[in-house]
Amino acid sequence: QQISWTSLLLLGYLFYLLLGALVFQLLEKQAETHFRDQFQLEKLKFLQNYTCLDRQALEQFVQVLMEAWEKGVNPEGNSTNPSNWDFGNSFFFAGTVVTTIGYGNLSPSTVAGQIFCVFYALFGVPLNLAFLNQLGKALNAHLLTLERWVQKPGRAQVQCQFAILAIFLTTGTLLFLVFPPLVFSYVEGWSYGEGFYFTFITLSTIGFGDYVVGTNPNKHYIPVYRSLAAIWIVFGLAWLALVFNVGADLMERYLQLKWHKSDLSLAEGDTTKLEDEPEHPRIHIPS
């Protein structure tokens, strides 16, 4: 039965991945084709306006821009852009390493930096997991204290647990998912939807890197802006990890309950069928 449950969960997991792949393909492929055609059209217009350039020279310049972007250098602006490796940005990058977010917009380019990053992550990721685990235990202890304070004689325990869970989810949602996009929208110039998208993608450690705070060369950020963002990420990770754990536990219990109920109904059906059938004559085999 355990093998059957594992197989069912595996099939559901694969189905969910296939469903996501189909939906993303339907939503994004046409837009990607449009942007690709638009980019090629812009390159043709550029060559027509500047006849002194040929296509090969333009492609080489585009390659230079791509390499600069991969090295964390924003092609916009000039050489007066702030460094990507000042203390605030380095602190933020260290946080993205140990939390496994890995935006991808910035990475070490020197061999020494790459080797150090490997060993830094090797010890930093377990340290971060231990810290988040301890932080989660502390949050859970506060939730238990709040539950004992709220619970009164005569009130059902299940109702109190649901109330505490609702308070936990509401407070965390406001602190980590609702209010931060307002700040990012104001500072970065994003829409609220973009800020909310960045917030969730970051706290879930998905970290695509299409939106990263403190990277616009046309804006002047306070020195501690990205450091404060890194601290927000750490506490947001602990909260969202608890939410994911609760959600995974509830989902697993619900699916297992449905699976066991179906097994029990099938078993009862087989028993009823045997009882309805006439008893077969017993055959005595002499010893």
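**Group meeting: a walk through the predicted model**

Let's start with helix H6. H6 has twelve residues, and its first and last C-alpha atoms are 16 Å apart. That is close to the 16 Å expected at 1.5 Å a residue. Keep in mind that this is a predicted model.

Which residues of H6 are buried? Gly195, Phe198, Thr199, Ile201, Thr202 and Leu203. After H6 comes Thr205, and its phi is positive, near 60 degrees. Thr205 is not a glycine, and that positive value sits in a residue other than glycine. Where is Thr205 in the chain? In the loop between helix H6 (192-203) and helix H7 (225-276). Its relative accessible area is 28%, so Thr205 is partly exposed.

Thr100 lies in the loop between helix H3 (87-98) and helix H4 (111-150). Buried or exposed, or in between? Thr100 has 45% relative accessibility, so it counts as partly exposed.

An unreviewed UniProt entry lists residues 6-27, 87-106, 112-132, 162-183, 195-213 and 225-248 under "transmembrane region". Let me take two of these spans against the model. Residues 87-106 are 60% helix and 0% strand. The end C-alpha atoms of that span lie 14 Å apart. Residues 112-132 are 100% helix and 0% strand. There, the end C-alpha atoms are 29 Å apart.

On to helix H7. Ala241 sits in helix H7. Its relative accessibility is 32%, so Ala241 counts as partly exposed.

Phe244 has a relative accessible area of 39%, so it is partly exposed. Phe244 belongs to a nonpolar surface patch of about 1,000 Å². Which other residues make that patch? Leu174, Leu175, Phe179, Leu182, Tyr192, Phe196, Tyr197, Phe200, Ile206 and Phe208. Two elements give two or more residues to the nonpolar patch: helix H5 (157-188) and H6.

Next, the aromatic rings. How many aromatic pairs does a search of the whole structure find? It finds 16. One of them is Phe184 with Trp190, and that pair is tilted. The centres are 6.5 Å apart, with 50 degrees between the planes. Phe184 has a relative accessible area of 5%, so it is buried. Trp190 is at 14%, so it counts as buried too, the cut-off being under 20%.

That pair is part of a wider group. Ring pairs link Phe92, Tyr103, Phe184, Trp190, Tyr197, Phe198, Tyr211 and Trp232 into a cluster. Phe198 is among the buried residues of H6. Tyr197 is one of the residues of the nonpolar patch.

Last topic: charges. The structure holds two salt bridges. Take Arg36 and Glu32 to begin with. Their side chains meet in a salt bridge, at 3.1 Å from N to O. Why are these two about one helical turn apart? Because they are four residues apart in helix H1 (residues 2-49). In an α-helix there are 3.6 residues a turn, so residues three or four places apart point the same way. Arg36 has 44% relative accessibility, so it counts as partly exposed. Glu32 is at 42%, so it counts as partly exposed as well.

The other bridge joins Lys43 and Glu59. Their closest N and O atoms are 2.6 Å apart. This pair links distant parts of the chain, with Lys43 in helix H1 and Glu59 in helix H2 (residues 55-70). The two are 16 residues apart. Buried or exposed, for Lys43? At 9% relative accessibility, Lys43 counts as buried.

Methods: Residues are numbered from 1 along each chain as its sequence is written. This is a predicted model: local features need pLDDT of at least 70, side-chain atom pairs count only at pLDDT 80 or more; totals for chains, interfaces and linings use all residues. Side-chain values use heavy atoms; hydrogens and water are left out. Buried means under 20% relative accessible area, exposed over 50%, partly exposed in between (1.4 Å probe, protein chains only). UniProt positions are given in the numbering used here, feature names are shortened, and annotations may be inferred rather than shown by experiment. A salt bridge is a side-chain nitrogen of Lys or Arg within 4 Å of a carboxyl oxygen of Asp or Glu. The expected span of a helix is 1.5 Å times one less than its number of residues. Patches are made of residues with over 30% relative accessible area and no salt bridge: like charges are joined within 9 Å, nonpolar side chains (Val, Leu, Ile, Met, Phe, Trp, Tyr) within 5 Å. Accessible areas come from the Shrake-Rupley method with a 1.4 Å probe; for residues, only the protein chains shown count as cover. Rings of Phe, Tyr and Trp (its six-membered ring) pair if their centres lie within 6.5 Å; planes under 30 degrees apart count as stacked, over 60 as edge-to-face and the rest as tilted.
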